[in-house]
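Please keep the sequence and the 3D view at hand while reading.

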Amino acid sequence: MLEVRDVSFSYGGAKVLFDVSLSVGAGEAVCLLGMNGAGKTTLLSLISGLARPASGAILLDGRPLPARPAGIVAAGVVQVPEGRRVFTQLSVRENLEMGAYLRLKNGGRAERAAVADDLARMLDLFPVLGERIGQPAGNLSGGEQQMLAMGRALMARPRLLLLDEPSLGLAPKVTAAIFRVVRDLPAMGCSVLLVEQNALGALAICNRGYIITSGQIRFSGTSADILSDELLREAFLGPVNGEAGTADGMRDDTRGGSATQEGN
Amino acid sequence: MTAPGTAKTKGVAPASGRHPLLTPPARRFARGWLALAVAVALLPLALRSGYQFTVLNVVAVNLIVVTGLNLLMGYAGQISYGHAAFFGMGAYGSAILSATHGVDPWLAMGVSACGVAVAAAVVGVPTLRLKGNYLVMATLGFNLIVDVILVQWSEVTGGSSGFVGVPPLSVAGMSFDTDRSFYWLAWGVALLLLIPARNLVHSPVGRALRAIHDSEPGAEACGVPTASYKVQVFVLSAVFASLAGSLHAHYLGIVAPKTFDIFKSVEFVTMCLIGGMGSLWGGLAGALLLTVLPQMLGVFEEHHDLIFGAILLVMLIFMPRGVSPWLRGMAGRMRRGAGVGLGGGGAPGNGPEGREARP
């Protein structure tokens, strides 16, 4: 469904992606693993149209992606941005309806009814949001905001959901709840590209994974392959608990050279 | 998360097919609008002097600018310190076209508004890519440029002494050249312009603007074309300012550059802020308060810019969301503080509710 082919990108003079290729098939959940500054978020913003690749191509169903972010959303590729980015002063309901913005704007009566149905479905998926439906999203906890951000993205009825570090700053229990939803998405007709630092958690819910360091894809394979490879485990996934060790980071820097921060 | 006992589910009427956006707020606005219209209609009975009319006329003109500015600042969250320039371009456009070139005042007003729309688009496309302080600086710079042109291009604008002899607006032989007659025109236009503003705010586009205010990346991720929406609302609010400027010019018959300098922009922003950004009624409160007060207090008149600056500072530090949310928050806190022991008042002690719930 989604194919990223030999994509490169640089911020000013600093090259951050080197001929990156990856693909996500229909009904698949794929994770992209790597440490801070590896280029994960940059790659996602290229896919969602916030930036244009310097070279290479990004194809959706074999055709180039629409140029503008709105066109990409309409084509069914929706991002849950890093740091949630919920609308803090809008109510939970308004946030969810904003997710269906293009559908409400372009669709007729039938579409509005469908949006109302989807809204009810989101509240089934994330019951906490139902309890908070009229409150400003700024009142929600971090975990609830992450759920809201996901619900908002799903309101667009995406075929492919791009998730940028949904576990960031959340308690393990909340992370687990969110990962459970992510795991079930492919069965609901929504493929997933999950960017994560929590490698073990991500691999547990994804079919395949890519490992990126210093702007290059170093390894790709099924989750089982990655998990069973001793060297990979040690080099990229860190010690048993899945925390990326600092020693690994230093090794990457000396090898890749030009890896830079992504500015967030 | 939430304790199950306190969970208050306002269920989502599933699949009712009802438009989720057409709800009681529309009725509430209609009521408020009618109340204002009645007040405007009845007020002349209580007014004695022409001077009082003059003050209220200025309130109406300011209200038009503030309504437009509120769309930009209060809803879309883009700050402009350049609206006095658009106000001035409308005024001078109307003045020059009608007095120098003999164009019908109404047509002059429309042509000026179109010109301002184009100018706002040209200014807006590059500047609205800026954020926060940089946007403030850019719009301020724009206002300074316009101000300099108005003063220096004296053969056309009349220079620093101003432009005199602007003909009044008239309809079917009746001209709006007195304080009383202009009162009806100015308030009529102000009331009329509140309606499209309100409709925009409560449309999906208005919600998208508020979303941009909260998080541009988030709005972008929802498929909102943030860059083009920001420019569009900037243009719209500039047109509001231009219309107000034209009214101002045709009313007074004279326009002077001093009325359109950056301090005037600061005034508009302060009016917007003091009433509470993101509330059209707040804009009314701001325009009313900051137009009438300076007329009543001598100190205010003398140290005008100083006081406006001070108000702006205090507002930004202590009540960044305006007077009305602040008052509501205070009321909530007092109720919670005093109400526990007394308990008799009968007010349900839930504090403020809804969107403004945050202190």
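In this predicted model, Ala29(A) has Val192(A) in strand 8 of chain A as its bridge partner. That pair belongs to the parallel pairing of strand 3 (residues 29-33) of chain A with strand 8 (residues 191-196) of chain A, which extends over five bridges. Strands of a sheet pair through backbone hydrogen bonds, in either a parallel or an antiparallel sense.

**The sheet in chain A**

- Six strands of chain A form an open sheet in the order 6-7-8-3-9-10, and their pairing is mixed.
- Strand 6 (77-80) and strand 10 (216-222) of chain A are the edge strands, each pairing on one side only.
- On average, neighbouring strands of this sheet are turned by 15 degrees against each other, direction ignored.

**Strand 7 and its neighbours**

- Strand 7 of chain A runs parallel to strand 6 of chain A, and four bridges join the two.
- Within this pairing, Val77(A) has Leu160(A) in strand 7 of chain A as its bridge partner.
- Strand 7 of chain A also pairs with strand 8 of chain A in the parallel sense, over five bridges.
- Here Asp164(A) stands opposite Val195(A) in strand 8 of chain A.
- Helix 7 (residues 142-154) of chain A lies across strand 6 and strand 7 (160-164) of chain A, and runs at about 170 degrees to strand 6.

**Burial of strand 7**

- In a regular strand, side chains alternate between the two faces of the sheet.
- Leu160(A), Leu162(A) and Asp164(A) point one way from strand 7 of chain A, whereas Leu161(A) and Leu163(A) point the other way; all are buried.
- Why is strand 7 of chain A described as largely enclosed by the rest of the structure? The reason is that five of its five residues are buried.

**Chain A as a whole**

- Chain A contains 12 helices and 10 strands.
- Of the 264 residues in chain A, 51% are buried.
- Among contacts in chain A between residues at least 6 apart in sequence, 68% join residues at least 24 apart.

**A helix pair in chain B**

- Two packed helices are described by the angle and the distance between their axes.
- The axes of helix 2 (residues 50-75) and helix 7 (residues 179-201) of chain B come within 9 Å and cross at roughly 15 degrees.
- Angles under 35 degrees count as roughly parallel, and helix 2 and helix 7 of chain B are therefore roughly parallel to each other.
- The crossing of these two helices of chain B is left-handed.
- The residues of their contact comprise 19 nonpolar, four polar and two charged.

Technical notes: Residues numbered from 1 in each chain as written. Chains lettered and ligands numbered in written order. Predicted model: local features only at pLDDT ≥ 70, side-chain atom pairs only at ≥ 80, totals over all residues. Pairing = 2+ DSSP bridges. Axes fitted to C-alpha atoms, helices over the stretch in contact; angles between N-to-C directions. Contact = placed C-beta atoms within 7 Å. Parallel < 35°, antiparallel > 145°, perpendicular 65-115°, else oblique. Left-handed = near helix turned anticlockwise from the far one by under 90°. Nonpolar A, V, L, I, M, F, W, Y, C, P; charged D, E, K, R; others polar. Buried ≥ 20, exposed ≤ 12 C-beta atoms within 10 Å, placed from the backbone.
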